[in-house]
Amino acid sequence: MLSRDLASLHHIWEPTNPRGAERLPPGIIEATSDFFLRRLWGIPNEDLTIKPKYLVTFTVGYDQKKNIDAAVKKFSENFTVVLFHYDGRTTEWNEFEWSKRAIHVSAPKQTKWWYAKRFLHPDVVAPYDYIFIWDEDLGVEHFDAEEYVKLVRKHGLEISQPGIEPNKGLTWQMTKRRGYGEVHKKTEERPGWCSDPHLPPCAAFVEIMAPVFSRDAWRCVWHMIQNDLIHGWGLDFALRKCVEPPHEKIGVVDAQWIVHQTIPSLGNQGQSEEGKAPWEGVRERCRTEWEIFQNRMATSEKAYFESMKIKFPA
């Protein structure tokens, strides 16, 4: 009986620990991780000569190697580089010296949002102040990542993107680069497109091709990404739900700008069905996902407000 009582005294149950770790002493818990590469030898606390402060990811196919090589060179050693490979070709990238220091993750024919949901959990990217989640078809001749981060900090942007060169791959006026000033946070769209000047697509809006998230904003956005909706359509209109006030915390950086080259590389990874080109099936899936996401968000918000006995906003 005495030994049993002593054993119970030494039993640990700490409810404030992360779920599943309640039986551990709090001092041993390592709740976050990172992408820092470590040696197989030596003393652990001497492994890192520099700890990158930012993370950039590209979802790539080897055919775009020249474009990605140019893009990666715009990011300093303050950035951890992660390549998500949708074509299964990883070792070929070692022709670039920087590739030997990058993280490579490969899964066939998957999108960047599929990868982000599975490999960019907020607790894994916790050390990074900003997370860049970029496409592979971006021209970066007029972009410098360090200068971009300075402007994002200066203007208090939690979610942002570089301005897009006006005549290339432009969908929304909000993301069009202005030829003056450092950033902009609002715009005018076509008549009838904006019910409120503080809401997308006239404000509180960036596109999903080249978004940049603060650590705190990404923790919210990651939870909003749906596990089965892999193209991310609809996210751009919902990002505002993760910062407050969104029309002040979301913006476009004009002084550091990019060109959207609109290369349908991943789109061509689709499958031809019923006489349709592969990209047509991919685009159809994108539109379907957008509708599904909108419906899920509306249903979830309605259910929440009803549970709180609050009238659902129109």
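**Strand pairing and helix packing in the predicted model**

In the pairing with strand β9, Ile 164 has Ile 258 as its bridge partner. This pair belongs to the contact between strand β6 (residues 159-164) and β9, two strands that run parallel and are joined by six bridges. The structure described here is a predicted model.

Strand β9 (residues 250-260) also pairs with two further elements. Strand β5 (residues 138-139) runs antiparallel to β9 and is joined to it by two bridges; within this pairing, Gly 139 has Val 259 of β9 as its bridge partner. Strand β7 (residues 183-184) is likewise paired with β9 over two bridges, in the antiparallel sense, and here His 184 stands opposite Val 252 of β9. Nine of the eleven residues of β9 are buried, and the strand is therefore largely enclosed by the rest of the structure.

Helix packing was examined for α3 (residues 112-119) and α5 (residues 215-224). Two packed helices are described by the angle between their axes and the distance between the axes. For α3 and α5 the angle is about 110 degrees and the axes lie 10 Å apart. Because angles of 65 to 115 degrees count as roughly perpendicular, α3 and α5 are roughly perpendicular to each other. Their crossing is left-handed. On the α3 side the contact is made by Trp 113, Ala 116 and Lys 117, and on the α5 side by Trp 218, Trp 222 and His 223. Classified by residue type, the contact of α3 with α5 comprises four nonpolar residues, one polar residue and one charged residue.

Asp 69 is located in helix α2 (residues 65-72). Its relative accessibility is 13%, and since residues under 20% are classed as buried, Asp 69 counts as buried. When neighbours within four places in sequence are left aside, the contacts of Asp 69 are with Phe 96 and Trp 98.

At the level of the whole protein, the secondary structure consists of eight helices and nine strands. The C-alpha trace spans about 80 × 60 × 50 Å along its principal axes. Of the 314 residues in the protein, 43% are buried. Among contacts between residues at least 6 apart in sequence, 72% join residues at least 24 apart.

Definitions and conventions:
Residues are numbered from 1 along each chain as its sequence is written. This is a predicted model: local features need pLDDT of at least 70, side-chain atom pairs count only at pLDDT 80 or more; totals for chains, interfaces and linings use all residues. Side-chain values use heavy atoms; hydrogens and water are left out. Axes are lines fitted to C-alpha atoms, for helices over the stretch in contact, and angles run from 0 to 180 degrees between N-to-C directions. Helices (H or I, at least four residues) and strands (E, at least two) are DSSP runs, numbered from the N terminus. Angles under 35 degrees count as roughly parallel, over 145 as roughly antiparallel, 65 to 115 as roughly perpendicular and the rest as oblique. A crossing is left-handed if the near helix is turned anticlockwise from the far one by less than a right angle, and right-handed if clockwise. Contact means heavy atoms within 4.5 Å. Ala, Val, Leu, Ile, Met, Phe, Trp, Tyr, Cys and Pro count as nonpolar, Asp, Glu, Lys and Arg as charged, and the others, Gly among them, as polar. Buried means under 20% relative accessible area, exposed over 50%, partly exposed in between (1.4 Å probe, protein chains only). Two strands pair if DSSP finds at least two bridges between them.
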